[in-house]
Amino acid sequence: MEQVIQRLRQFRDERNWQQFHNPKDLALALSIEASELLEVFLWKPPEAADREKVKEELADVLAYALLLSDAYDFDIKKIVLEKIERNEQKYPVHKAKGTAKKYNEL
């Protein structure tokens, strides 16, 4: 993952774009790219979505998420594993298995 982040930094820095990559704008860009990913699925069954467009938009979402984590110097592996642990508490298997209910409805 560090290699990917390093490559994103290089791409950004070669273009002098760090000035635009503050946390607020990275979060906005992430949301916009997530919306573009949703658009790939709009008005069609999931299997009809263009896989190449999904791949392209997902890469944009991931890139902005990685740049945002880098802006805060977050350890990606650590924060994701911590979130999984919190979710395990909120969604115990014996209550959540096979249901899409939110934790406060279990």
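This is a predicted model: local features need pLDDT of at least 70, side-chain atom pairs count only at pLDDT 80 or more; totals for chains, interfaces and linings use all residues.
View 1. R15 is partly exposed because its relative accessibility is 36% (buried means under 20% relative accessible area, exposed over 50%, and partly exposed in between, using a 1.4 Å probe and protein chains only). Residues are numbered from 1 along each chain as its sequence is written, and side-chain values use heavy atoms, leaving out hydrogens and water.

**View 2. R9 and D70, a link across the chain.** The structure holds eight salt bridges. In one of them, R9 pairs with D70, and their closest N and O atoms are 2.6 Å apart. This pair ties together distant parts of the chain: R9 sits in helix α1 and D70 in helix α3, 61 residues apart (helices are DSSP runs of H or I with at least four residues, numbered from the N terminus).

**View 3. K24 and D25, side by side.** Here's another salt bridge, with the closest N and O atoms of D25 and K24 2.7 Å apart. K24 counts as exposed because its relative accessibility is 53%, whereas D25, at 27%, is partly exposed. Elsewhere, salt bridges that share partners join E2, R9 and D70 into one network.

**View 4. The largest nonpolar core.** Look for seven residues here: I5, L8, L26, A63, L66, L67 and L68 (a nonpolar core is a set of buried Ala, Val, Leu, Ile, Met, Phe, Trp, Tyr and Cys residues joined through side-chain atoms within 4.5 Å). Helices α1 (2-14) and α3 (51-71) each give two or more of them. The largest share, four residues, comes from α3. In soluble globular proteins, nonpolar side chains tend to be buried together.

**View 5. A nonpolar patch on the surface.** Y72, F74, I79, V80, L81 and I84 form this patch, with about 530 Å² of accessible area together (areas come from the Shrake-Rupley method with a 1.4 Å probe, and only the protein chains shown count as cover for residues). Patch residues have over 30% relative accessible area and no salt bridge, with nonpolar side chains (Val, Leu, Ile, Met, Phe, Trp, Tyr) joined within 5 Å and like charges within 9 Å. L81 belongs to helix α4, and its relative accessible area of 42% makes L81 partly exposed.

Note on methods
A salt bridge is a side-chain nitrogen of Lys or Arg within 4 Å of a carboxyl oxygen of Asp or Glu.
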